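The following paragraphs are intended as a guided reading of the structure. Please keep the sequence and the model in view while following them.

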Amino acid sequence: MTDQPHPYKISVPDEDLQDLQQRLALAKFATQLESSEQDSWDFGAPVKEVQRLIEYWKDGFDWRKAEAKLNELPQYKMQIEVDGFGSLDIHYVHQINSNKHAIPLLFCHGWPGAFIEVTKLLPMLKGSDDSPAFHVVAPSLPNFGFSSGVTYRGFDLAQYAKVLHTLMIKLGYDQYVTQGGDWGFWITRTIGLLYPEHCQASHINMVLAQPPKFTENPWAALRHALLPYNDREKTGRERTEWFKQEGYGYNQLQSTKPQTIGAALEDSPVALLTWIYEKLHDWTDSYPWTDDEILTWISIYWFSTAGPAASVRIYYEAAHADMIKGKSYAQLVAYIPRVKLAIAHLPREITIIPSSWAAGLGPVVQQNEHAHGGHFAAWEVPEFIAQDLQAMFNKNGPCYGVVSGKDGY
């Protein structure tokens with residue numbers, strides 16, 4: 001390991017591929033309730049779908065081909081020291097722009113996502129005469145992908161934020177902007193809280209917030225009390241209630257007993273695929289997943305440096321963390337000053353809130369309501385995320401010139 005960037009290529013050992021093949025060959029499957037096609041997902045991923053994917057993973061899917069495709073991305077590793085946790089080897093994608101005014105953008109994935117989510121955004125953020133240019137940095141979070149794992153307790157959102165911030169500083173980006181959803185929402189907000197002199201603006205595509213209070217924002221609270229929800233907000237509240245009632249069980253388990261479910265994810269590729277595939281299906285807006293996309297996604301978890309069990313510990317650590325600058329994990333949805341904020345509202349996100357609620361997250365400069373898209377927005381609808389970023393930072397945008405000396409043109 002080195003504290004300087006060095007190029008990296010994914011190279012899964014042959015013995016790991018052979019081990020996976022053996023496990024897939026010995027796969028056992030749950031029984032499937034008799035049900036109609038319409039409600040076949042109500043109990044989770046249908047067994048027939050899982051069997052089909054496992055068979056393809058075993059006999060048809062070519063990891064070496066997927067690996068070669070991933071290795072077309074500009075990947076690097078760098079050693080980052082974290083107090084109390086030693087040195088971590090951090091894997092990241094880094095698209096360096098030739099434009100000397102390009103804006104440094106930190107892209108932060110979540111669970112069950114990965115660095116791969118940035119792939120479709122990269123060509124859209126190179127810039128042109130009419131749109132800003134970006135340097136894009138997309139790390140594998142610690143415990144995810146091809147970054148080091150952490151085996152000591154207490155690695156919470158402050159540590160994740162420190163790793164990503166330190167990475168940007170080591171790459172020479174003293175000021176930067178961020179984009180994130182899922183844990184990227186929480187981590188980039190923590191970065192904004194801890195490093196506001198460096199993080200100048202954030203764009204988020206998963207939005208969590210509380211209703212406005214009369215004591216804090218009386219005008220917004222009055223509007224919330226008197227005005228009815230519009231159609232987007234009504235439908236969004238229904239989607240949010242569905243998620244709370246029918247889709248939140250994974251979070252409860254991973255936030256309280258991550259090692260229990262971790263044992264299944266670490267030992268069984270069937271368990272791992274079923275656990276994640278359900279989310280890829282339920283959290284997207286009818287996205288037409290190909291089998292190769294699904295299995296590349298799942299394989300990144302299976303072959304990850306720390307193993308798939310490590311990735312779920314972030315839930316427990318965040319929920320049990322100490323205060324961060326006087327704020328608990330739950331309070332990171334409160335107002336965070338100084339960092340300009342732009343928001344993408346997507347109709348099939350897992351939590352959908354009124355725009356008036358989102359306005360209480362910070363100095364909001366842009367809110368866009370998109371016609372379609374779900375939780376994995378950068379993968380499902382990358383054009384919307386790119387358009388939002390371009391609108392933020394173009395010459396007429398609310399964040400033009402926010403990074404000192406970097407206008408993107």
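In which strand does histidine 203 lie? Histidine 203 lies in strand E7, where helices (H or I, at least four residues) and strands (E, at least two) are DSSP runs numbered from the N terminus. The model is predicted, so local features need pLDDT of at least 70 and side-chain atom pairs count only at pLDDT 80 or more, while totals for chains, interfaces and linings use all residues. Residues are numbered from 1 along each chain as its sequence is written, and side-chain values use heavy atoms, with hydrogens and water left out.

Histidine 203 has a relative accessible area of 0% and is therefore buried; buried means under 20% relative accessible area, exposed over 50% and partly exposed in between, with a 1.4 Å probe and protein chains only. Its side chain is joined to that of aspartate 388 by a polar contact of 2.9 Å. A polar contact is a pair of N or O atoms within 3.5 Å; within protein, one must be able to donate a hydrogen and the other to accept it, and residues adjacent in sequence count only if both atoms are side-chain atoms. Not counting residues up to four places away in sequence, histidine 203 touches several residues, among them Thr178, Ala342, Ile343, Ile385 and Asp388. Contact means heavy atoms within 4.5 Å.

The setting of this residue is an open sheet of 9 strands with mixed pairing, in the order E1-E2-E3-E5-E4-E6-E7-E8-E9. Two strands pair if DSSP finds at least two bridges between them. Strand E1 (6-7) and E9 are the edge strands, each pairing on one side only. Helix H16 (residues 382-393) packs on the sheet and touches strand E4 (103-108), strand E5 (134-139), E6, E7, E8 and E9. The direction of H16 makes about 145 degrees with that of E7; axes are lines fitted to C-alpha atoms, for helices over the stretch in contact, and angles run from 0 to 180 degrees between N-to-C directions.

Strand E7 (residues 199-204) pairs with E8 in the parallel sense over 4 bridges, and serine 202 stands opposite leucine 341 in E8. E8 also runs parallel to E9, joined to it by 5 bridges, with alanine 344 opposite asparagine 368 in E9. Strand E8 (residues 340-345) is largely enclosed by the rest of the structure because 5 of its 6 residues are buried.

Elsewhere in the sheet, E5 pairs with strand E3 (residues 86-95) in the antiparallel sense over 4 bridges and with E4 in the parallel sense over 4 bridges. Valine 137 in E5 is the bridge partner of histidine 94 and also of leucine 106. Why is E5 largely enclosed by the rest of the structure? It is enclosed because 6 of the 6 residues of E5 are buried. Phe134, Val136 and Ala138 point one way from E5, whereas His135, Val137 and Pro139 point the other way. Proline 139 has 2% relative accessibility and so counts as buried. Leaving out residues up to four places away in sequence, proline 139 touches residues including Ile90, Leu106, Phe115 and Leu164.

Attention now turns to annotated positions. For "active site", an unreviewed UniProt entry lists Asp182, Tyr315 and His375. The lining of the largest cavity takes in Asp182 and His375 from this set. UniProt positions are given in the numbering used here, feature names are shortened, and annotations may be inferred rather than shown by experiment. On a 1 Å grid over the protein atoms alone, a cavity is a set of points where a 1.4 Å probe fits but cannot get out, and lining residues have an atom within 4 Å of a point.

Aspartate 182 is found in the loop between strand E6 (176-180) and helix H5 (183-194), and histidine 375 in the loop between strand E9 (364-369) and helix H15 (377-380). Aspartate 182 is buried, with a relative accessible area of 9%, and histidine 375 is buried at 4%. The side chains of histidine 375 and aspartate 182 make a polar contact of 2.7 Å. Neighbours within four places in sequence aside, aspartate 182 is in contact with Gly110, Trp111, Met206, Trp283, Tyr315 and His375. With residues up to four places away likewise left out, histidine 375 touches residues including Trp111, Asp182, Met206, Trp283 and Arg348.

Technical notes
On a 1 Å grid over the protein atoms alone, a cavity is a set of points where a 1.4 Å probe fits but cannot get out, and a pocket is an open set with protein on both sides within 12 Å along at least five of seven lines; lining residues have an atom within 4 Å of a point.
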